Amino acid sequence: MNKKIITLIGAAALLASSTHANPHVDSTLRDGIVGAILGGIIGNNTGSGDGDTGALIGAVAGVTNGIMNRRGHYGHSRGIHYGHGHHIPVRPVYTTVYEQVWVQPIYNYDAYGNPFVVRAGYYKTITRRVRVR
């Protein structure tokens, strides 16, 4: 039984190290293999000793992580480059900026030339969306 496990771990490590041939599948396949290995080991050593279910859960989690990293949803702060000039930009990030602006009072004049206030001056809050990244 131990020879079988060691052989499987060695084969999975060989597959994980040789996935650099295709940059599109690189992180997805590697993360899936590593997830399956870790899930199988943890599943075999805990609970009812069911390593198959742990390997399946680890593989699905690893492949999902690889796909999400490839699409740039998390894990990368900049765009991702594939091959020759293909660039997947990361979604822009916006923040809301609040500014206080003074609005001048409006005066009117009576028949004798005396000014009176029609609308007093006040501070107005202006909100803007500013692109951060």
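Modeller: Before we start, buried means under 20% relative accessible area, exposed over 50%, and partly exposed in between, with a 1.4 Å probe and protein chains only. This is a predicted model in which local features need pLDDT of at least 70 and side-chain atom pairs count only at pLDDT 80 or more, while totals for chains, interfaces and linings use all residues. Residues are numbered from 1 along each chain as its sequence is written, and side-chain values use heavy atoms, with hydrogens and water left out.

Colleague: What percentage of the residues of the chain count as buried?

Modeller: The cut-off is the one just given, under 20% relative accessible area. Applied to the 133 residues of the chain, the share that counts as buried is 17%.

Colleague: Which pattern does the chain follow along the sequence?

Modeller: Helices (H or I, at least four residues) and strands (E, at least two) are taken as DSSP runs and numbered from the N terminus. The chain holds three helices and six strands, and read along the sequence their pattern is α-α-α-β-β-β-β-β-β.

Colleague: Which residue in the turn between strand 4 and strand 5 has a positive phi?

Modeller: Two strands pair if DSSP finds at least two bridges between them, and strand 4 (residues 106-109) and strand 5 (residues 115-119), which run antiparallel, are joined by four. Tyr109 stands opposite Pro115 in strand 5. The two strands form a hairpin with five residues between them, and the residue in the turn with a positive phi, of about 90°, is Gly113.

Colleague: Which side chains meet in a salt bridge, and how far apart in sequence are the parts that the pair ties together?

Modeller: A salt bridge is a side-chain nitrogen of Lys or Arg within 4 Å of a carboxyl oxygen of Asp or Glu, and by this rule the count comes to one. The side chains that meet are those of Glu99 and Arg128, at 2.7 Å from N to O. Because Glu99 lies in strand 3 (residues 94-103) and Arg128 in strand 6 (residues 122-131), the pair ties together parts whose separation in sequence is 29 residues.

Colleague: Which residues make the nonpolar surface patch of about 260 Å²?

Modeller: Patches are made of residues with over 30% relative accessible area and no salt bridge, like charges being joined within 9 Å and nonpolar side chains (Val, Leu, Ile, Met, Phe, Trp, Tyr) within 5 Å. Leu38, in helix 2 (residues 26-45), is partly exposed, with a relative accessible area of 48%. The patch is made by Val34, Leu38 and Ile42.

Definitions and conventions: Accessible areas come from the Shrake-Rupley method with a 1.4 Å probe; for residues, only the protein chains shown count as cover.
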